[in-house]
Each structure stands twice: as C-alpha cells, then as structure tokens.
Amino acid sequence: MSQEKSSKNCAKPGSVVALIPARYAATRFPGKLMQQLGDKTVILHTHDNTVATGLFDEVIVATDSDIIYKEITGNGGKAVMSRKSHESGSDRIAEAVAELEIDIVVNVQGDEPFVQKEPLEKLLQVFKGEDGENVQVASLMQELKDRKLIEDPNYVKVAVDLNMNAMFFSRSVIPYPRDSEAPITYYEHIGVYAFRKQALMNFTSWPMTPLEQAERIECLRYLEHGVPLKMVVTAYMGVEIDTPEDLTRAAELL
C-alpha cells in the first residue's frame, strides 16, 4: 500500500491533523527545506518536532518534491505528493485533506524547524467549549516592539478587536499612531493556522479577493468573505528559514 493511500484512510471524524506544506523551489532560498540543520534537514526537524508535541492524530507533509517525499517517508514519517501549481500552502493542504474525515486541520509551516507544543496547544484550545463551537479559523500572533520591524513590510501586522478577532492584516503600520500618546500594542501575524476542514475547503474554492491581491496576504480572503479569524497571542516559535543567514541563526539555537 502506498504512503499516500494509507494516509488518506487513517484519520477519523473529529480528529485533529497537522499538515506541513513543503514546496521545494522556494523563491528566496531554493531547496531550503532540504538544507542540513545539525543532524537533520530543516523539513525533518519541522516534522519530528510537530509529531513530538503529541497534539495530533496524524502529521502529514504535503509536498511537490520527490526529494522531500523520500526524506520524510524514509525517516518513518507520512507524506503525500501534490500538484506543483498551487498558489499557497492553504491550497496544497486542501488538496491533501480533501478525502480525509477530520474536524480540524493545523497548517504548520515547513520552514519553522523549532515547532513547540505550547503555541499549538493554545491555538487548538480556542476550538473547544461553547465559545469554540463557532470558531472556523484561528491563527497565531506575537507582540512586535522593535520600531524597525513594525515598519518593515515583510512583517505582516494584524489589528484585533476586543474579542481577539482579526480586524485587518497589513504590511503597513496598523494601527497608525496618530495620537503618539495612546498606548498601542502591535502584533505580527505568524503564519500558523488552524481551520475547521469545511472553512479551508471554502477558502480554496473562492477566487483571490481585492484586499488579498493588494497586500499579498492570503488570510484577508477570509475577512473579505465575512469569516472571523480568532487570533492567539504567543511567544515566537523560533527562526523561520527564509535565507541562508536564517539557517546560520537557526544553527546557533541547536
């Protein structure tokens, strides 16, 4: 039985599955997921640390690369092959879970090798209890204090309401400090999501929306369709590997 087929039949209704989208040809750092970080590749660190949280019924890497597929399955993990034409990690995940009978899907970024249990546990907690019944999508954010990072368009900022639902995501400074004396907390959006399966499938059936296209921030598509995003504050999950310099910084944390 192939790895792909067995993965599609192992989940049960109500289960929680982690999906790790893993594209080989990254624009800024091609092949970054297969770079060696200590005794493992970046993607294998990410996979193994996600499994080690113990939070998931299944951890699956969804990739367009035979190399990454063999790296995961050759080390005892589970992987599925996907098409190369996906616009986003969400699209790649949606293809992978389309036939799975599951409740919640967690998108763990493949270039986040230092995955920790606590942030993911807090993320999943918002789906529980009476208040959690209506949560369709949740995501992580961390406080930003460095003014250079706040003004850096590579850092996606999020403004939230009093119930910790996202009001807007932007590469610009939000909120703008017109009143310099007003106390303002700035948050950076960390691209780790948890979705109810149907919300994810709905997302991938919708075309790109105007604000999403302008900002190049995919989660704006949810807001533009009136789907709330519950935001969870956490400490940063580690070093995201986007450049060779990031890989060097990550190696110093081992």
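In which sense do strand 1 and strand 4 pair, and over how many bridges? They pair in the parallel sense, over six bridges. This is a predicted model, in which local features need pLDDT of at least 70 and side-chain atom pairs count only at pLDDT 80 or more, while totals for chains, interfaces and linings use all residues. Residues are numbered from 1 along each chain as its sequence is written, and side-chain values use heavy atoms, with hydrogens and water left out.

**Strand pairing**
- Strands are DSSP runs of E with at least two residues, helices are runs of H or I with at least four, and both are numbered from the N terminus; two strands pair if DSSP finds at least two bridges between them.
- I20 stands opposite V61 in strand 4.
- Strand 4 also runs parallel to strand 5 (residues 78-81), joined by four bridges, and A62 stands opposite V80 in strand 5.

**Largest pocket**
- A pocket is an open set of points on a 1 Å grid over the protein atoms alone where a 1.4 Å probe fits, with protein on both sides within 12 Å along at least five of seven lines; lining residues have an atom within 4 Å of a point.
- The lining of the largest pocket comprises 46 residues, and R28, Q109, D111, E240 and D242 lie nearest its centre.
- Strand 10 supplies the largest share of this lining, five residues.
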